[in-house]
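Me: I've got a chain open and want a quick walk through it. Can you take my questions as they come?

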Amino acid sequence: MKTRFMQLIDYWIGVPICALLTIWDFVIAKRFFSQENSTPRKVLFIELSEMGTAVTSYSSLYQISNQFKNTERFFLIFASNAESVEILNEIPKKNILTINSESFLALTISTFVTLRHIRSLKIDTVIDMELFSRFSSILSYLSGAIN
């Protein structure tokens, strides 16, 4: 997909979804599903679209592994940029999760499949490294992570 089209989707679909999730969180989730923050055990880094930023995330990946020795690390990125995470050699290949962004349909299906997989992993901490994306914020919230 073209970058401009992705930005339009992020705005026109992302804004209403973020609004609905904010209302859900404020009205229902905090009252009925309250959880306390905990020491990270499974950390998901989200950096979807920028290859360069994925490379510059090396120090964050390294620091998490040093600060929390028993932490399992995962990385979520668009499939077209996955190689930029692989070359860092900090995340096992099986822990690099991808979303296909070649078309809107592929993006939608791949997002739901990947989100289901993330929830099955029981990720407890998400670090959203995407700067201007509602999409990554939505994924962070829907991951089920408490941190």
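Me: How much of the chain is buried?
Reply: Of the 147 residues in this predicted model, 39% are buried. Buried means under 20% relative accessible area, exposed means over 50%, and partly exposed is in between (1.4 Å probe, protein chains only).

Me: What does the secondary structure come to?
Reply: Seven helices and four strands. The order along the sequence is α-α-β-α-α-β-α-β-α-β-α. Both kinds of element are DSSP runs numbered from the N terminus: helices are H or I with at least four residues, strands are E with at least two.

Me: Why call the chain as compact as a globular protein of that length?
Reply: Its radius of gyration is 15 Å, close to the 15 Å that the globule rule gives for 147 residues, so the chain is as compact as a globular protein of that length. The radius is taken over C-alpha atoms, and the rule is 2.2 Å times the number of residues to the power 0.38.

Me: And what does the C-alpha trace span?
Reply: About 40 × 35 × 25 Å along the principal axes.

Me: What share of contacts comes from residues 24 or more positions apart?
Reply: 63% of the contacts with a separation of 6 or more. Contact means heavy atoms within 4.5 Å.

Me: Switching to aromatics. How many pairs are there?
Reply: Two aromatic pairs. Tyr11 and Trp12 are edge-to-face, 4.9 Å centre to centre with 90 degrees between the planes. Phe45 and Phe75 are stacked, at 6.2 Å and 15 degrees.

Me: What are the cut-offs there?
Reply: Rings of Phe, Tyr and Trp (its six-membered ring) pair if their centres lie within 6.5 Å. Planes under 30 degrees apart count as stacked, over 60 as edge-to-face, and the rest as tilted.

Me: Is Phe45 buried or exposed? And Phe75?
Reply: Phe45 is buried, at 0% relative accessible area. Phe75 is also buried, at 0%.

Me: What does that pair tie together?
Reply: Phe45 is in strand S1 (residues 42-46) and Phe75 in strand S2 (residues 72-78), so the pair ties together parts 30 residues apart in sequence.

Me: And the Tyr11 and Trp12 pair?
Reply: Tyr11 is partly exposed at 42% relative accessibility. Trp12 is exposed at 60%.

Me: Helices next. How do H6 and H7 pack?
Reply: Helix H6 (residues 104-121) and helix H7 (residues 134-142) pack at about 35 degrees, with axes 10 Å apart. Axes are lines fitted to C-alpha atoms, for helices over the stretch in contact, and angles run from 0 to 180 degrees between N-to-C directions.

Me: Which residues meet there?
Reply: Leu107, Thr111, Leu115 and Arg119 in H6 meet Phe135, Leu139 and Leu142 in H7.

How values were computed:
Residues numbered from 1 in each chain as written. Predicted model: local features only at pLDDT ≥ 70, side-chain atom pairs only at ≥ 80, totals over all residues. Heavy atoms only, no water.
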